[in-house]
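Here are a few notes from going through the model.

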Amino acid sequence: MNVKLKNTHKEWLDPDDAPEITAEDLKRGIWAIDGEVVSENEGRNAFAKKLRGRPVGSVSKSPKKLTTIRLSAEVIEQFKSAGAGWQTKIDLALKDWLLTHRP
């Protein structure tokens, strides 16, 4: 029995090749916060607030301090190869070292 399946595959578009969003496209959009439709200004303001600052809950009681440190390429490559959070992993490794050593 021959069954012909409908081709539902859509051609993939590279996001870099996608057309630019125009002001007209944005006007047709609907702004919503937690499923509740709001005005365009409310939506823009809420979106802008979400983008500012560090993620909620990411600031601890003892915040980290920004510094510059030079590390060997091998150390950086090893930690980066472990994926996201590599700087935190370096911090944890140094804290672990401090448990048994004096700087």
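1. Ground rules. This is a predicted model, where local features need pLDDT of at least 70, side-chain atom pairs count only at pLDDT 80 or more, and totals for chains, interfaces and linings use all residues. Residues are numbered from 1 along each chain as its sequence is written, and side-chain values use heavy atoms, with hydrogens and water left out.

2. Fold. The protein chain has four helices and two strands, running α-β-β-α-α-α from the N terminus. Helices (H or I, at least four residues) and strands (E, at least two) are DSSP runs, numbered from the N terminus.

3. The protein chain exposes about 10,800 Å², with 56% of that supplied by carbon and sulfur atoms (Shrake-Rupley method, 1.4 Å probe; for residues, only the protein chains shown count as cover).

4. The salt bridge. The count comes to one, taking a side-chain nitrogen of Lys or Arg within 4 Å of a carboxyl oxygen of Asp or Glu. The partners are Lys95 and Asp91, at 3.5 Å, N to O. They sit four residues apart in helix H4 (residues 86–98), so about one helical turn separates them. Lys95 is partly exposed at 47% relative accessible area, and Asp91 is also partly exposed, at 25%.

5. A loop residue. Ile69 lies in the loop between helix H2 (40–51) and helix H3 (73–81). Ile69 is exposed, with a relative accessible area of 56%.

Terms used
Buried < 20%, exposed > 50% of the residue type's maximum accessible area, 1.4 Å probe, protein only.
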